[in-house]
Amino acid sequence: GELGPDVLTVQCDIRDAEQIAAAFDEATTAFGLPGVLINNAAMYFIGPVDEADPERVRKLLDVNIFGSWLGISRIAPMMREAGGGSIINLSSLAGMRGIPWHGIYGTSKWAIRGLTKTAAYDLGPSGIRVNAILPGAIEETGMAGGPLDETQLAAIPLRRTGRKSEVSQ
């Protein structure tokens, strides 16, 4: 495809154990035992914590937390067989501090930090490193909530949002 012969794309619902297993099997067939897992799939919405729709909350928590755990739980045996590996979970600064209107999303990202820390202890003896990345605001077209105001920018050392090119390389 467009990305070259060393790239395999597989669409799956990260909340579904069978789909995750099939995706990992397909990748293992193509490339051998895995050395890296990046749990990057996530849902995001903002609003007052007491106004969130229960079904939307449940879906976000299922994707952001359960999906990350499911990926870890399914890949860990393969990484043990390979002699080790690296799991990288995407959390957020919303998982480090309270941010207005980020109650549900922030809750999921706090949970990712806890999952990361405990998984590191559980899997470390098998040579599997587990770390989290906690990006802050990254500029993008249509950033939720609109552009950051002066107070928000003052809380960022660079006084600006991150750029996609700074985090995607």
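Predicted model: local features only at pLDDT ≥ 70, side-chain atom pairs only at ≥ 80, totals over all residues.
For the protein as a whole, the mean pLDDT is 90, with 94% of residues reaching 70 or more.

The length of helix 2 agrees with expectation, because its 29 residues should span 42 Å at 1.5 Å a residue and its end C-alpha atoms are 41 Å apart. Helix 2 contains a kink of about 35° at A76, shortly before the proline P77. Just after this helix, G83 adopts a positive phi of about 95°.

An open sheet is formed by 3 strands in the order 1-2-3, with parallel pairing. Strand 1 (36–39) and strand 3 (128–133) are the edge strands, each pairing on one side only. On average, neighbouring strands of the sheet are turned by 15° against each other, direction ignored. Strand 2 (residues 85–90) is joined to strand 3 by 6 bridges, and the two run parallel. I87 has V130 in strand 3 as its bridge partner. Helix 2 packs on the sheet, where it touches strand 1, strand 2 and strand 3; the direction of helix 2 makes about 180° with that of strand 1.

Helix 3 lies across strand 2 and strand 3 and runs at about 165° to strand 3. This helix, comprising residues 103–123, includes K109. K109 counts as buried because its relative accessible area of 3% is under the 20% cut-off. Apart from neighbours within four places in sequence, K109 is in contact with A42, N64, L90, S91, S92, A94 and G95.

Note on methods:
Residues numbered from 1 in each chain as written. Heavy atoms only, no water. pLDDT = per-residue confidence, 0-100. Helix = DSSP H or I, 4+ residues; strand = E, 2+ residues; numbered from the N terminus. Expected span 1.5 Å × (residues − 1). Bend = angle between axes of the 7 residues up to and from the residue. Buried < 20%, exposed > 50% of the residue type's maximum accessible area, 1.4 Å probe, protein only. Contact = heavy atoms within 4.5 Å. Pairing = 2+ DSSP bridges. Axes fitted to C-alpha atoms, helices over the stretch in contact; angles between N-to-C directions.
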